[in-house]
Amino acid sequence: MLNDTVKPVSKSSPDTTCVIPDVPAEYTGGIERLQKFIQTNLKYPDEALELGIEGNVLVEFVVEPTGELSNIKIVKPLHKECDKEVIRLIKKMPKWIPAKKNNNFVRTTFRIPVYFSS
């Protein structure tokens with residue numbers, strides 16, 4: 001499930017993040033396509049698999065007004081190799097449909113859980 005929780009940034013900052021957009025950012029094709037992208041592209045790290053590590057990594061990123069993703073960071077880590085894999089996965093994502101506020105594209109922050117289960 002996607003969470004459009006965002007962190008406010010100073011209004012004078014060029015990287016102002018919209019706290020509550022009128023229209024939230026969306027992965028092109030919707031949540032089902034996002035889940036399919038994750039299923040298709042996520043690689044379970046060998047080390048984590050051998051250690052029997054299961055659980056989720058919570059990742060946060062900014063959807064820019066251009067639809068590009070930036071400021072990727074792990075909010076809830078699981079294992080160093082799983083965390084690195086989630087960052088790789090997010091960097092590989094295609095552009096999103098950016099959020100809108102007052103009919104203008106704006107920056108928003110998203111959090112997505114990525115599950116590792118054998």
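Residues are numbered from 1 along each chain as its sequence is written. In this predicted model, local features need pLDDT of at least 70, side-chain atom pairs count only at pLDDT 80 or more, totals for chains, interfaces and linings use all residues, and side-chain values use heavy atoms, with hydrogens and water left out. The mean pLDDT (the predictor's confidence in each residue, from 0 to 100) of the protein chain is 88, and 87% of its residues reach 70 or more. Over residues 1–14, however, the pLDDT is below 50, although this stretch has 32 contacts (heavy atoms within 4.5 Å) beyond near neighbours in sequence in the model.

The protein chain holds 3 helices and 5 strands, where helices (H or I, at least four residues) and strands (E, at least two) are DSSP runs numbered from the N terminus. Their order from the N terminus is α-α-β-β-α-β-β-β. Of the 118 residues, 39% count as buried; buried means under 20% relative accessible area, exposed over 50% and partly exposed in between, with a 1.4 Å probe and protein chains only.

Strands S1 (residues 55–63) and S2 pair in the antiparallel sense over 5 bridges, pairing being assigned if DSSP finds at least two bridges between two strands. In the hairpin that these strands form, with 5 residues between them, Gly 67 takes a positive phi near 95 degrees.

The structure holds 6 salt bridges, each a side-chain nitrogen of Lys or Arg within 4 Å of a carboxyl oxygen of Asp or Glu. One of them joins Lys 101 and Asp 22, with the closest N and O atoms 3.7 Å apart. Lys 101 lies in strand S3 (residues 99–101) and Asp 22 in the segment before helix H1 (31–41), so the pair ties together parts 79 residues apart in sequence.

Glu 60 meets Arg 111 in a salt bridge at 2.8 Å, N to O. Since Glu 60 belongs to S1 and Arg 111 to strand S5 (residues 108–116), the pair ties together parts 51 residues apart in sequence. Glu 60 is buried at 3% relative accessibility, whereas Arg 111 is partly exposed at 27%. The bridge partner of Glu 60 in S2 is Lys 73.
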